[in-house]
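Here are some notes for your reading of this model.

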Amino acid sequence: MTSHSLHDEEILGKAYDGRLMKRLLGYLRPYWWLVLLAIGILAAASALQVVGPWLTKLALDEAIPQGDTHYLGMLGLAYLGVLLLTMVFQYAQSILTTWLGQQVMRDLRTEVFSHLQRQDLRYHDRNPVGRLMTRITSDVETLNELFSSGVVTVFGDIFTLVFIVAAMLSLDWQLALVTFSVLPLVAWAAFLFRGRIRRAYREIRVRLARINAYLQERITGIRVVQLFNREGADLARFKAINQDYLEAHLRSITYYALFFPVIQFFTALALALIIWYGGGSIIQGMTTVGVVVAFLQYAQRFFRPIQDLSEKYNLLQGAMASSERIFKLLDTAPTVVDPHDPVTLPPETRGEIEFRDVWFAYGKNDDGEEDWVLKGVSFRVSPGEKVAIVGHTGAGKSTIINLLMRFYDVQKGQILVDGAPVDRLALKDLRDRIGLVLQDVFLFSRSVESNIRLGEKSITDEEVRAAAREVGAAPFIDRLPDAYGQALGERGQSLSVGERQLISFARALAFDPEILILDEATSSVDSEIEARIEEATNRLMEGRTSLVIAHRLSTVQHADRILVLHHGHLVEEGTHAELLDEGGLYARLHELQFARV
């Protein structure tokens, strides 16, 4: 299915990749001293695992047979002290490793978000928002589990195994070998279940990404869903995706439900062997009761870290999957980047724009050739000139804006601002000088003031209010319950289309750009609001180079010049009156629009 194909590449490669692990461990480097401290605490806690059974052996073999109550009391107090000290070490270890995991997660999530902000629009066109949300939430959370429960704590399991093996061999090497005889069975079980659990985990991650992508798209488009009564069909589709996710989880749970009892069985088998062989040795006088009891305790403690290591291996597989996807994202370099040696424009630019034989395609057609949206477009906008761009849908009007803002790079030709090629300017320098007002205004869920200022500290409160007054937005803002502090909700849905548009004008004015671009800014409002917006537009364009894209030709009649696009070609150019006199495409568009009125 199509929705599935969006995420098929998410299936991971290796179960363990040393290159990825080395890169992951690099995130611990800033906290290396805490890592060493955590390892030291784990080593001390692991050493204490050996002490308890040894104290039990001394009590059974020495204190009790000799009737030495003082010695027995000292051993009891020592055992209690070991338990208390173990508890303190475990608490410290838990705090440290969890803190490390949270720090790494914060750093990694910040890096991913920063990288996503730098990515060009072509990347975002190809990747659904739900998939990217999975990267920055679920995948990063999986790595948090690795760092807080895996990378450091695995040392504790290894230390425990080493110390227990050393203690068992020193007590009775023959009984130790009998205990270790079940290890090949444990290794066989781990190998058998490893592949199945790995496949189940892969399926879970892929299906989770599908759910996130589907939910994001349907919730964002809820108006369309309700308008066309698609609730039932979309619910059925979600149930199918959700069922796939459930089945993948159930398979994983089934494998775990089998694996852990198998390990428990082998632990019990080891205990049975100790009782059988150790009991015989006691009868023959070759060992003592204290040694056998100590071995029973050691065996229980020995198989616990083995089971933990098996769980950590599964955690490692999940981390490899998540890290592979995250690093694939981080390794995808933006195609639109700052030049190595950017040209510096003077602080006050003139606002001249020039397109020189520009060709551009968003992608290729079915024949593998460039599907050109713009074909050899050339024009020049003088400083302070107001130029309108018109044409049918798909003619390439908005593409001109995307290229001027350098959201995309051209395949052929050149675009210049004040004589400097846009690909030779720093992106911030270029975009600081251009104000863009779109047809589909995006407002954030924060306050009116925040949506005008956008976090720019150099814009004062008075400048925010002055910009709102200048474009005619102040009257409706003042009527809001909290005025400029009013939270607008997601995408500013609490406001009308026209009100959102006026806030976008205030935003553009507050940043005081030298070049102003209006992209279909009045196509979605009624005539009364359009009149208010047209008045705001005229104020905004005063003294600025302006590009106006519009379907309604009535809004561009007073432009200094009009450019007419048709199938990616610039076919006509002139004033409103000149183009009507020519009787070409503009005149036909004008006749069609006003014939409907």
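1. The lining of the second largest pocket divides into 5 nonpolar, 13 polar and 5 charged residues. Here Ala, Val, Leu, Ile, Met, Phe, Trp, Tyr, Cys and Pro count as nonpolar, Asp, Glu, Lys and Arg as charged, and the others, Gly among them, as polar.

2. The model is predicted: local features need pLDDT of at least 70, side-chain atom pairs count only at pLDDT 80 or more, and totals for chains, interfaces and linings use all residues. Residues are numbered from 1 along each chain as its sequence is written, and side-chain values use heavy atoms, with hydrogens and water left out.

3. The second largest pocket holds about 420 Å³ of space. A pocket is an open set of points on a 1 Å grid where a 1.4 Å probe fits, with protein on both sides within 12 Å along at least five of seven lines; lining residues have an atom within 4 Å of a point.

4. Of the 23 lining residues, L42, Q90, Q93, D157 and D308 lie nearest the centre of this pocket. Two or more residues come from each of α3 (32-66), α4 (69-118), α6 (129-151), α7 (153-171) and α12 (289-331). The most, 7 residues, come from α4. Helices are DSSP runs (H or I, at least four residues), numbered from the N terminus.

5. How do α3 and α7 pack? Their angle is about 30° and their axes are 8 Å apart, so they are roughly parallel to each other (angles under 35 degrees count as such). Axes are lines fitted to C-alpha atoms over the stretch in contact, and angles run from 0 to 180 degrees between N-to-C directions.

6. Where α3 meets α7, the contact has 12 nonpolar, 6 polar and 1 charged residues.

Conventions:
Points joined across faces, edges and corners; volume = space filled by probe spheres on them. Parallel < 35°, antiparallel > 145°, perpendicular 65-115°, else oblique.
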